[in-house]
Amino acid sequence: MQYEIFSHKVNVEGEIHETFGILATDSQENTYSFEDVTTFKSELEKFVAFLNEENVSLKCFKIFLELFVENI
């Protein structure tokens, strides 16, 4: 799996906010997107670096993502 960050804008009660998500690509070039993970880009960059260094599978990614979101 290869993980990378993407940004997008969301409208919350009439205000536009930039949020960051994760795009995961497997060895068959299938992509999976996880939107609105956080607004903290620097923390997400560290998390994505960890995912790529450890070559985390998609099944394990979901567990790590839950832990990440709980701790930001």
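The model is predicted, so local features need pLDDT of at least 70 and side-chain atom pairs count only at pLDDT 80 or more, while totals for chains, interfaces and linings use all residues. Residues are numbered from 1 along each chain as its sequence is written, and side-chain values use heavy atoms, leaving out hydrogens and water. Helices (H or I, at least four residues) and strands (E, at least two) are DSSP runs, numbered from the N terminus.

**The strands**

- Strand β1 (residues 2–12) pairs with strand β2 (residues 15–25) in the antiparallel sense, over eleven bridges; pairing requires at least two DSSP bridges between two strands.
- Opposite phenylalanine 6 you will find glycine 21 in β2.
- The hairpin of β1 and β2 has two residues between the strands, and glutamate 13 there takes a positive phi near 50°.
- β2 also pairs with strand β3 (residues 31–38), again antiparallel, over five bridges.
- Here leucine 23 stands opposite serine 33 in β3.
- Five residues lie between the strands in the hairpin of β2 and β3, where glutamate 29 has a positive phi near 70°.

**The helices**

- Helix α1 (residues 41–54) packs with helix α2 (residues 58–70) at an angle of about 155°, their axes 12 Å apart; axes are lines fitted to C-alpha atoms over the stretch in contact, and angles run from 0 to 180 degrees between N-to-C directions.
- This makes α1 roughly antiparallel to α2, a term for angles over 145 degrees.
- Where the helices touch (heavy atoms within 4.5 Å), Glu43, Leu44, Phe47, Phe50 and Leu51 of α1 meet Phe61, Phe64, Leu65 and Phe68 of α2.

Definitions and conventions: Angles under 35 degrees count as roughly parallel, over 145 as roughly antiparallel, 65 to 115 as roughly perpendicular and the rest as oblique.
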